[in-house]
Amino acid sequence: MTDTVGLLHPGSMGSAFGAQLRARGHIVLWCPDGRSDTTRRRAERAGLEPEPLPELISRSDVLLSLCPPAAAEETAARVAALGMASAGTTYVEANAVSPSRVQHIADQLAPMPVIDAAVVGSPPVGGKSSTLYLSGPGKQADRIAELFAGTDVRPHVLGDSIGKASALKLAYSSYQKVSRVLAALAYGAAETYGVADELLAIAAKRTGSYLVETDYIPKTAARAWRWGPELEDAAALLADAGLPDSLMHAAAATLARWDDNRDERLDIAGALETLRAQGDLHNPS
């Protein structure tokens, strides 16, 4: 079965998704209005068909939003304002935005069904693959998953609730992207003091990710009273090296929320609940 997909708007990830859909025999539309020459060339290479936005909306069985996160709500609002979607059109919000923003987009577009989606991985080109997590109304989510069956985009349905896919994406990317920033700061500080090679040698001894070591969360809480001051000194190190120190101060402030749990034996749930409770104390309603 051939579907028509309107792609809003084809950056490197969107055009790669469009090419995957084209390889499956689907029609993929895009709107060239206001787009750069680079985007135009990318869309042409992917075999996407140009259409003005009103025609793109009216022709599409699926509208797939893959744009900069800051533009997600504006993009949805333009679709809603035109009001030209055919009966049965499904809107897929696949940007890295918060669950509350996805819900706002769904409210904007009602009664059009909205699927909350999240892409994890590199653009699916050159043999690379990515995973498309989906949450929302089951019938529509299964339909989107079927679109990508047999492609290098691997669909994974999380359930019927809007917000799950976006929460998963941001939970993962918050760790991944901040870790990259921290790596740059750590390397920059070590390089300033001439110990970069030694830092890399220490880091190379580890092969796993801290993210999977959830059992260490209670240990972090119990040791926070010692770690916080150490990170304040790390902030001073960064400042002396001419590097930003705000992330270290923020991490120390987070650890300070566990100050009353010094050397306690908490479980994971208890450690996280303490963080939330202290957050309520710091941000009274």
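I began at Leu182, which touches Leu247 and Met248 when residues up to four places away in sequence are not counted, a contact being heavy atoms within 4.5 Å. Before going on I noted that this is a predicted model, in which local features need pLDDT of at least 70 and side-chain atom pairs count only at pLDDT 80 or more, while totals for chains, interfaces and linings use all residues. I also noted that residues are numbered from 1 along each chain as its sequence is written, and that side-chain values use heavy atoms, with hydrogens and water left out.

The C-alpha atoms of Leu182 and Met248 are 8.9 Å apart in space, although the two residues are 66 apart in sequence. Leu182 has a relative accessible area of 34% and so counts as partly exposed; the scale calls residues buried under 20%, exposed over 50% and partly exposed in between (1.4 Å probe, protein chains only). Leu247, in helix 10 (residues 246–256), is partly exposed as well, because its relative accessible area is 31%. The areas come from the Shrake-Rupley method with a 1.4 Å probe, and for residues only the protein chains shown count as cover.

*Entry on the sheet.* I traced an open sheet of 8 strands in the order 3-2-1-4-5-6-7-8, with mixed pairing. Strand 3 (49–50) and strand 8 (153–159) are the edges, each having a single partner strand, so one side of each lacks a neighbour in the sheet. Strands 1 and 4 pair in the parallel sense over 4 bridges, pairing requiring at least two DSSP bridges, and Leu8 stands opposite Ser65 in strand 4. On strand 8 I looked up Gly159, which counts as buried because its relative accessibility is 18%. Gly159 touches Leu134, Ser135 and Gly136, leaving aside residues up to four places away in sequence.

*Entry on the cores.* The largest nonpolar core holds 26 residues, and those with the most contacts inside it are Phe17, Leu64, Val92, Leu132, Ile144 and Phe148. Helix 6 supplies the largest share of this core, 4 residues. A second, separate core has 18 residues, among them Leu53, Ile57, Ala76 and Met112. Each core is a set of buried Ala, Val, Leu, Ile, Met, Phe, Trp, Tyr and Cys residues joined through side-chain atoms within 4.5 Å. From Phe17 I listed contacts that include Leu64, Val119, Leu132 and Phe148, not counting residues up to four places away in sequence.

*Entry on the whole chain.* I counted 11 helices and 8 strands, and buried residues make up 36% of the 285 residues. The chain exposes about 15,300 Å², of which carbon and sulfur atoms supply 54%.

Definitions and conventions:
Helices (H or I, at least four residues) and strands (E, at least two) are DSSP runs, numbered from the N terminus.
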